[in-house]
Amino acid sequence: VTDQTPFYGASGGQCGDTGLLTAPAGSAKVLDTLKPSADLTVHHIEVDGGTLLSDQEVVLTVTESIRLDAARNHTCTHLLHAALRRVLGDHVRQAGSLVTPDRLRFDFSHIAPMTPEELAAVERDVNAAIMADYPLTAKLMGQQAAIDTHLHSTGQAGSFVILSESGIAAGTRRIEAATGWNALKHARAMSEELHQLAAMLKTQPGGLVAKLDGLQKENRGLRKDLEKAAAQAASGQGGDLMSKVVEINGVKVLAAKLDASNIKAMRELMDDIRSKMPSGVACIAAPVDEGKVSMILYVSKDLHGRFTAPALIKEVAAPIAGSGGGRP
């Protein structure tokens, strides 16, 4: 604790400053700055050389780059608040915020998720204020917290990008955003990922949408062909399956493992079995994915007083750590 400090203590949703503390016989890193009460600022330090003693005069140096990163985010929370009110309406009110050197988080009152168009308008509005480079005036108001963490002009924020928008409670939304160098870092990462995807798909970034649209159409066509082939293969097994029906205590029972590649083909086969078995119990199973099994169980209506499909399938599926449910 020092009698005065240029370090901002964590409060109001903003993290504390970091930096250096230098004494005549020692030095320390300031890892964080806390504000446990309005009149007390506490430096969390790690001594990295020599000795620190009480009543020494020390030099406190805030890490400028980290302070500026936090200041960019702090100032942009106000620009964001104003932009949200212009785009969404005057009902928008701040419901909380968090400011760190890496990003800002802003909670606000609004009933519905924001549309892509609204998010783009807010982002454009904030960046317009940044590029206008409006001068900012700091005023002393009781505590000096406000003066310590604002920029001299909006242009110092550099740039602003919205990272996410989500709902956190009824009527409350949250926006996370980055500014300055962190916004540039995010844009660079997105650009690199875009170029990597384009290279994988053997196209240019500008042609990704058309390329993916073509691949999706091709994939849908292949899936239909596969489902058709699977259905034909399953229907071919249908005739053979009926020869495996056995009678247990007066009930016809069919249990079979299939070579079916998807659940749709299995459903179609079960429909075929039901039409050929008006009274009885049938259960078919097939490996559909690596390490996974799909199972369908049928109980005819006349047997519902003795058995139901949900009850039976829970027992049958238990050995493979599975379960099931549905109609009787």
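The model is predicted: local features need pLDDT of at least 70 and side-chain atom pairs pLDDT 80 or more, while totals for chains, interfaces and linings use all residues. Residues are numbered from 1 along each chain as its sequence is written, and side-chain values use heavy atoms, without hydrogens and water.

Helices (H or I, at least four residues) and strands (E, at least two) are DSSP runs numbered from the N terminus. Strands pair if DSSP finds at least two bridges between them.

**The sheet.** Four strands form an open sheet in the order S9-S10-S11-S12, with mixed pairing. Strands S9 (246–248) and S12 (292–299) are at the edges with a single partner strand each, so one side of each has no neighbour in the sheet. S9 and S10 (residues 251–257) run antiparallel and are joined by three bridges; Val246 has Val253 in S10 as its bridge partner.

Angles run from 0 to 180 degrees between N-to-C directions of axes, which are lines fitted to C-alpha atoms, for helices over the stretch in contact.

H1 (residues 64–88) packs against H2 (residues 116–132) at an angle of about 130°, with the axes 9 Å apart. The contact includes Leu80 and Leu84 of H1 and Val122 and Val126 of H2.

Terms used: Contact = heavy atoms within 4.5 Å.
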